[in-house]
Amino acid sequence: MQSKFSCPRGTTDITPFDISRWDNIERISKQILTCYNYKEIRTPLFEETELFARSMGQSSDVVCKQMLNLAAQQKDDQDGVTLSGLSLRPENTASVVRSYIQNGFDRKEPISKLFYIGPMFRGERPQKGRLRQFNQIGVEVLGPNTAQPYLDAEIISLSVHLLKSLGLEKFQLKINTLGTPEDKENFSQMLRQALKPYRKELSEYSQQRFERNVFRVLDSKDAADQEIVKKVHIGLSYLSTESQHYYAQVKEALMNLDVDFVEDQHLVRGLDYYTHTVFEICGSSLGSQDALGAGGRYNNLVRQLGGGDIDAMGFALGVERILLALGDKKVPLSNPLAAYIVPMSEEALNQGFVLMNVLRQENISCDLSYKYSAKLKNVLSNANKMDVHTVILLGEEEMKKHCVTLKDMQQKKEETISIKGNDFSKIINILKERYN
Ligand code: AMP
């Protein structure tokens, strides 16, 4: 078969053949997040473009180049809709903060520990590990006076715990601090000063960034820029004493939790909203798109978007990158079918159909081959292609002797069970014992 259509560039289908890998990631993540007392939040997939511009910063790459705006539509009749000024969400922090303010979370609880799992959209040039629609698992913790080094350490160690529990072993956690907005401004001026002598040698891209958002020069992928950046040492002198103390406490708390990290002075994260602690986790097997996840503290964003003085911190992990890093590593199948009923005659098909219904009423997952075949080889080759625990065979012999054969596909064992009319209680008991 050849389809006339393909999914849009930079998007992928998650088919039933790989859904168990996704299920697994979501299930394990939710388990861990719940254990850390985080609650799920779901926000719309699109928001006002201005929300992203205000929060991420007009000069950030995402806002400048990667926003997927919804097309304006002519309002030519009463039912027409206007979609201009709306964009698909490129990340979820801004939306969560918007929702936190709009729904008055701060009046309902002293601290909101939130998580989300879902798709984000960016108009990037697709390549391995870089998609236009991709999925993130993220957390955001918001609340007045919650800027506490222990919380920073909890959030960072939670991201590491998630990755390890999902089966990843080889990754590196990098951390840095940007300090308060004043410290950050100092940092930016010192960086500009330090880069000034090399300004003409920088790539065109970095020369533009030098004025508008000098931190982006540190993220440049250009080899010559990277050589220049290596020569620049700023130290922590841009930080106030309080910020230095805060950072030292975060590091100490991480060490107490046995979380391995390296300090990277050049880790700045390209978005305007970060202050104090920032971090990134890179996988060693991922090539150029090696970031598995990243996050940081953003104490001023809630106020910037119209809320009160609310401290906040979060991170997002990329699900597709996690899957790439896991490679072919076996993941347990999450939902094999408990039973597959295989009738081998017309009479058996009748009985199989009733049996299927009875099993489903008992919450035992099952399915039926809707046509019968007398050839055992054909019948079993189909069953083998399915992800199923037990095949229930209704063959000619079985019909004559009022019984069924249960073939355990994993243990490769079989047993014969007698049945009386439409009383299938023996089968139900066996299947429940095995799979519930
Ligand atoms: P960011 O919001 O850019 O810090 O991204 C957080 C994480 O999301 C990254 O570390 C990646 O794992 C993932 N990610 C970001 N952009 C993409 C993309 N275009 N395609 C796939 N994954 C992405």
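This is a predicted model: local features need pLDDT of at least 70, side-chain atom pairs count only at pLDDT 80 or more; totals for chains, interfaces and linings use all residues.
**First stop: the ligand**

An N or O atom in the side chain of Arg 269 is placed 2.6 Å from an oxygen atom of the ligand. Next, select Leu 131, where a polar backbone atom is 2.8 Å from a nitrogen atom of the ligand.

Now extend the selection to the whole shell. The ligand is surrounded by 15 residues, and the closest are Arg 122, Glu 124, Leu 131, Arg 269 and Ala 291. Colouring the shell by class shows 6 nonpolar, 4 polar and 5 charged residues.

To see which elements contribute, display strand S5 (133-143), strand S9 (291-297) and strand S10 (311-318); these are the elements that give two or more residues to the shell around the ligand. Strand S9 gives the most, with 4 residues.

**Second stop: helices H2 and H4**

Select residues 49-56, which form helix H2, and residues 93-102, which form helix H4. The two helices pack at an angle of about 105°, and their axes are 9 Å apart. H2 and H4 are therefore roughly perpendicular to each other. Show the side chains at the contact: H2 contributes Leu 51, Phe 52 and Ser 55, while H4 contributes Ala 94, Ser 95 and Arg 98. By class, the contact of H2 with H4 comprises 3 nonpolar, 2 polar and 1 charged residues.

Select Gln 410, found in the loop between strand S14 (403-408) and strand S15 (413-418). Which residues does Gln 410 touch, not counting residues up to four places away in sequence? They are Val 388 and His 389. Display the side chains of Gln 410 and His 389, which are joined by a polar contact of 2.6 Å.

Gln 410 and Val 232 are 178 residues apart along the chain, and their C-alpha atoms are separated by 60 Å.

Note on methods: Residues are numbered from 1 along each chain as its sequence is written. Side-chain values use heavy atoms; hydrogens and water are left out. A residue is near a molecule or strand if one of its heavy atoms lies within 4 Å of it. A polar contact is a pair of N or O atoms within 3.5 Å; within protein, one must be able to donate a hydrogen and the other to accept it, and residues adjacent in sequence count only if both atoms are side-chain atoms. Ala, Val, Leu, Ile, Met, Phe, Trp, Tyr, Cys and Pro count as nonpolar, Asp, Glu, Lys and Arg as charged, and the others, Gly among them, as polar. Axes are lines fitted to C-alpha atoms, for helices over the stretch in contact, and angles run from 0 to 180 degrees between N-to-C directions. Angles under 35 degrees count as roughly parallel, over 145 as roughly antiparallel, 65 to 115 as roughly perpendicular and the rest as oblique. Contact means heavy atoms within 4.5 Å.
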